[in-house]
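Hello,

Here is the structure we talked about handing over. Please look through it first; my notes on what was found follow below.

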Amino acid sequence: MTTQNIDLATLDEAAVQAQSEILAQLLREARPTLDVSPGTVIRQLVVNSSALFTELNENNLARLRSANSLLTATETPDTADASVVDQILSNHLVTRRAAKSSAGRVVIVLSQAITTPMSSSQKFTSLDGTVSFTVTDSFIGVTSVESVSSTGDRLITSRPGGLFGFVVDVVADVPGAAGDVRRGTRFVPAPRLAAFVDAYAESDFTQGVGQESTPELLARMELGIAAKAVSDRVSTVSLLQQNFPALQDVSLIGFGDSEMFRDRTNLFGESTGGKVDVYVRTRGTPLVTHAVKSAVLVSKSLKLWRLNFTRDEFPGMYRVESVLPKDSLAVGSFEVVSDTRSLDTSAIPGEFIPRIVSAAGGNYTRYQTAAVTFRDTLTDTTELFEGLSRQDYDIAVSTMPDLAELQTFVASRDRRAPGTDYAVRAAIPCFVSCGLVVYYRREYGVPDVEVIRDRVTDTVNAIKFSEPRLSVSLIVNTVHSVIGQNGYVDLPVDLRGALLLPGGSTVAVADTDALVIPEYPELGVSRRTVAFFLSREQVSIDLRPVTQWQT
Amino acid sequence: MANVAPVFPNGDLDRPQLLAALPGSFWTELFSDKDITRALLSGLALTYQQAYSNFLEDFATLSRKTVPVWHRQLWMPIVLRDSEMNRSDASLPRYGDAITYGQAGVYYGVPLTREGLFVFPLETAGLQRITAITDGITSAKLALVNGVDFVFDAEAKALQLFANPFESEAVPDVRYDAEGLPVRELKLWAYCTDIDDDRLWRNFGYVLGLRFKSSTSYRRMINAVWDSHAAGASYAALKELAAAATGIPLVARRGTVELIARDTRSWHVVTDDVVYTYPATATPTVSPGDQLVPGDCPVSTLHVDDLAGGIPDDIEFPGLLLDRGFLGDGYQSALFFANKQVPLEYVGIDGASADVRFEVSGLAADVELWWERVRERGIDAGRTLADVLDTRQVRNGPPLPQHLPQQVNPFRIVAELMASNLVLVSLRAGEFGDGPGATALWTLRKVLPPHVACVTLIRLDARAERATLTDSASDSPAFGAGAEVADESFSVEEFMPVAYVVPDI
């Protein structure tokens with residue numbers, strides 16, 4: 001334990017000397033003729049030893065003192081004692097967040113419909129070998145409904161192309177966000193399965209969280225001491241984080257903030273207070289959910305179809321990422337030609353509805369509705385009827401999860417302060433892409449591009465509200481944390497962002513130094529409300545060896 | 001108790017006779033070197049006394065309410081060299097000193113020599129204050145007292161003595177420097193020194209992300225924010241935080257004012273229970289016999305108006321300066337709505353509605369934009385400002401000038417709408433104490449519920465100046481010496497209203 005030290009050799013020589021000098025001075029004053037200079041018997045045996053033990057006690061007191069402060073205790077993180085850190089945290093009602101493994105479902109594609117048993121140790125490893133998963137239980141793929149008698153029995157169904165498939169649940173072998181693979185990620189089973197053709201992630205894997213780092217804990221201590229109540233900003237955030245542990249970041253916009261436009265509905269257009277917009281980021285990148293949804297034909301000649309989303313379908317959704325024919329294994333999407341957002345603030349039994357007066361004002365809240373029109377170039381509409389003909393499509397929608405639950409939570413009559421009006425909003429998204437050219441020295445080996453990609457995405461997705469920019473230097477530093485001094489990042493870095501404004505328009509931002517969020521306060525857009533999102537797929541890394549002439 | 005007080009004797013450890021008796025009569029009566037025994041025991045007691053002081057400090061550090069601002073070192077050796085007297089960087093003139101470069105031997109980068117002032121560098125890390133300086137611990141020929149014989153300038157790390165210590169009875173050592181030249185050194189002892197070891201920040205401030213120079217005001221700020229977080233936002237926490245930032249105390253306990261007294265540096269408001277001390281520049285706002293309750297501010301430095309209870313008739317707020325945080329986008333700067341009666345201007349009838357305006361200060365384009373928007377909103381809503389101000393019982397068509405008030409108060413008109421969620425904090429900068437000051441007012445955002453705003457007014461009281469108007473040019477006043485005989489004189493004593501929203505954190 002770091003609070004103990006009886007190693008005399010570690011004491012500060014100057015401090016010991018200072019203690020010794022005080023005692024020597026007293027002896028000199030008592031008898032000026034007494035020799036207490038260094039080397040004398042009394043100095044060596046009495047004065048110095050007393051000084052040594054006194055300083056030892058002082059030293060241990062200082063250690064005790066520092067053990068009461070997380071800041072001091074962790075100034076040398078390598079030697080910080082985890083038990084001391086956890087003790088300090090307990091005084092602030094903060095517990096280190098445990099690591100959690102990512103989980104999801106894997107689709108197993110077979111060439112034949114044959115019974116396929118697998119033990120609870122069956123593994124699936126990504127094609128690049130970076131992450132592996134184990135099934136959550138023993139499963140058996142069965143060929144008939146009659147054979148399904150337990151949760152481990154999974155029905156094998158037919159798939160396009162004369163193939164067959166069934167689904168199993170898996171969990172990442174190593175905790176952390178690295179296991180949050182995207183939909184479609186392909187796997188290799190071990191041991192190999194009979195009639196095996198393919199295995200891929202059915203949808204985005206979620207819930208992977210690494211163990212909380214000390215800097216993260218330091219940032220959270222203020223939340224720990226705060227009352228969990230709708231009170232000042234810190235208390236309110238603390239309440240939300242206690243009840244929604246996955247919540248990554250919160251920004252409260254209130255009276256006097258330029259982004260607060262809901263309280264300016266009076267004659268003078270002046271803010272009147274009483275309203276709060278709660279911008280939330282509930283995960284690193286938006287969750288892309290895949291579903292089957294019915295669309296209605298709106299234009300035969302233009303082959304336009306429309307998807308209508310109620311406020312309860314994908315609450316606060318960002319956008320439709322893809323629309324494809326149902327059960328298609330194709331990649332890409334039909335062209336989305338329009339995305340019109342509206343507002344549904346009709347009563348919800350037992351729930352307070354915040355005052356939102358414009359459709360744009362309702363964007364990214366759980367009260368928005370959407371009509372998304374796309375062009376289906378494959379379906380023959382000759383025999384169909386506009387406004388009547390419907391067809392199912394596979395869609396992928398990006399959202400911040402838990403938005404409706406958060407709104408219900410803050411609007412609850414148990415928590416809402418009288419006279420206040422809280423509206424929860426998903427962080428306004430700035431989708432980032434990043435292109436890097438990284439040079440490395442052959443003699444030190446080839447850097448792991450996947451590790452670089454993971455670190456860069458983690459860094460960007462950890463940027464908090466209020467940080468004014470996504471700086472290129474942040475990315476360069478992150479790359480160097482992987483490659484060390486054995487390479488370099490070529491400048492300029494290709495850094496681009498697409499800011500999806502409430503109201504539907506997109507603003508492109510790009511710079512060689514940093515992405516800076518433009519401000520549109522009338523839409524609530526500022527650095528306090530926008531979050532940078534960077535997915536692994538949007539990080540392109542061109543690894544090049546340093547040639548002789550470059551050295 | 002956080003520190004061992006500079007009193008003597010401070011317990012048994014300061015009683016040499018008692019300590020000397022501890023080993024038994026042989027050592028105190030028969031042993032030939034019994035003075036050494038006594039010195040040794042006294043010395044050990046002294047080191048324990050320091051340990052005890054440290055222990056008390058650490059004990060007090062357990063609580064944010066009692067954490068010591070500074071560490072106290074009972075005895076600390078210091079060395080003064082005659083070669084450094086008035087010759088080190090500690091003697092350099094600094095910006096803000098009342099001096100003029102190029103005059104009276106004052107030159108940039110040249111140490112300043114003042115008659116009767118002997119300046120030595122003292123660069124002990126964090127040293128803030130020295131109570132006394134002696135040339136011995138138990139007996140001294142030289143004893144200097146803070147404020148009487150010396151002062152220590154912590155910022156300049158300069159010990160300023162009022163007499164040359166090398167001309168005192170203290171005996172300097174002589175050593176020789178690298179070039180073989182003699183250097184006289186005085187080895188002295190600093191008693192009861194206060195050292196800033198960043199204890200407030202390291203133990204509590206970092207949790208809140210609040211970092212200021214160590215002071216009692218900083219500790220109060222930590223406690224105000226902590227209280228707000230732990231117990232919920234409160235008016236008390238808001239006012240305490242504002243008071244702490246400005247470095248003035250609020251009334252802690254209920255009491256009756258017994259006396260108000262002033263010395264050269266401070267005002268003292270004395271109740272039957274507590275003495276509250278304020279800068280001499282402040283103006284007491286209470287009188288003997290007044291009842292004080294916790295949270296009161298008995299001087300003019302700080303005043304807080306929570307408008308949720310209504311706008312007081314006698315509110316002393318010169319007006320509201322509203323920026324785009326309150327007005328929305330499109331404005332280049334802020335608009336000022338004065339708290340005074342101004343004429344209501346009848347612009348005329350535009351279509352089916354009357355158009356009226358009143359005085360709003362700001363950039364002309366911003367003022368025009370604001371009025372345009374007011375008019376558009378009024379027409380859109382079917383009720384313009386003129387309609388709102390219409391005094392008729394029965395309304396038939398747009399109001400005419402005689403149907404409207406002749407004067408309005410712009411401040412009250414705009415403040416009335418936001419009053420339920422608005423707190424006004426008025427401060428006088430010239431009366432601040434030792435707090436971090438106006439730059440720390442951003443912390444108010446930490447204790448405000450987000451649906452509430454705080455507008456802060458900082459009054460910059462200008463120094464009174466006497467101006468003379470000459471009879472030859474009565475429209476161009478001449479200031480200062482050499483002015484002609486005055487026909488009339490006036491004093492300029494104005495304040496500069498500065499109001500702003502607490503910025504984001």
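**Overall form of chain A**

Chain A has a radius of gyration of 31 Å, whereas a compact globule of 551 residues would have one near 24 Å. Please bear in mind that this is a predicted model. Taken along the principal axes, the box that the C-alpha atoms of chain A fill is roughly 120 × 70 × 60 Å.

The secondary structure of chain A consists of nine helices and 26 strands. Of its 551 residues, 50% are buried. Taking the contacts in chain A between residues at least 6 apart in sequence, 71% join residues at least 24 apart. The accessible surface of chain A is about 24,400 Å², and carbon and sulfur atoms hold 53% of that. As for charge, chain A carries 51 positive and 64 negative side chains, with 3 Å between the centres of the two sets.

**One covered helix in chain A**

Helix H7 of chain A spans residues 403-411 and is mostly covered, with seven of its nine residues buried. Which residues of H7(A) are buried? They are Leu403(A), Ala404(A), Leu406(A), Gln407(A), Phe409(A), Val410(A) and Ala411(A). In an α-helix, residues three or four places apart point the same way, because there are 3.6 residues a turn. The cover over the buried residues of H7(A) includes one helix, H6 (233-243), along with strands S12 (275-281) and S19 (421-426), which belong to chain A as well.

**Chain B**

Chain B contains eleven helices and 26 strands. Buried residues account for 48% of its 505 residues. For contacts in chain B with a separation of 6 or more, 63% come from residues 24 or more positions apart. Chain B exposes about 25,000 Å², and 53% of this is supplied by carbon and sulfur atoms.

**A loop residue in chain B**

Where does Thr264(B) sit? Thr264(B) lies in the loop between strand S9 (255-262) and strand S10 (266-271) of chain B. Is Thr264(B) buried or exposed? Its relative accessible area is 76%, and the cut-off for exposed is over 50%, so Thr264(B) counts as exposed. Pro279(B) is 15 residues away from Thr264(B) along the chain, and the C-alpha atoms of the two are separated by 9.6 Å.

If you open the model, H7(A) and Thr264(B) are the two places these notes describe by residue: H7(A) is mostly covered, whereas Thr264(B) is exposed.

Regards

Note on methods: Residues are numbered from 1 along each chain as its sequence is written. Chains are lettered from A and ligands numbered from 1 in the order in which they are written. This is a predicted model: local features need pLDDT of at least 70, side-chain atom pairs count only at pLDDT 80 or more; totals for chains, interfaces and linings use all residues. Side-chain values use heavy atoms; hydrogens and water are left out. Helices (H or I, at least four residues) and strands (E, at least two) are DSSP runs, numbered from the N terminus. Buried means under 20% relative accessible area, exposed over 50%, partly exposed in between (1.4 Å probe, protein chains only). Contact means heavy atoms within 4.5 Å. Accessible areas come from the Shrake-Rupley method with a 1.4 Å probe; for residues, only the protein chains shown count as cover. The radius of gyration is taken over C-alpha atoms; the globule rule is 2.2 Å times the number of residues to the power 0.38. Lys and Arg count as positive and Asp and Glu as negative; His and the chain ends are not counted. The place of a charge is taken as NZ of Lys, CZ of Arg, CG of Asp or CD of Glu.
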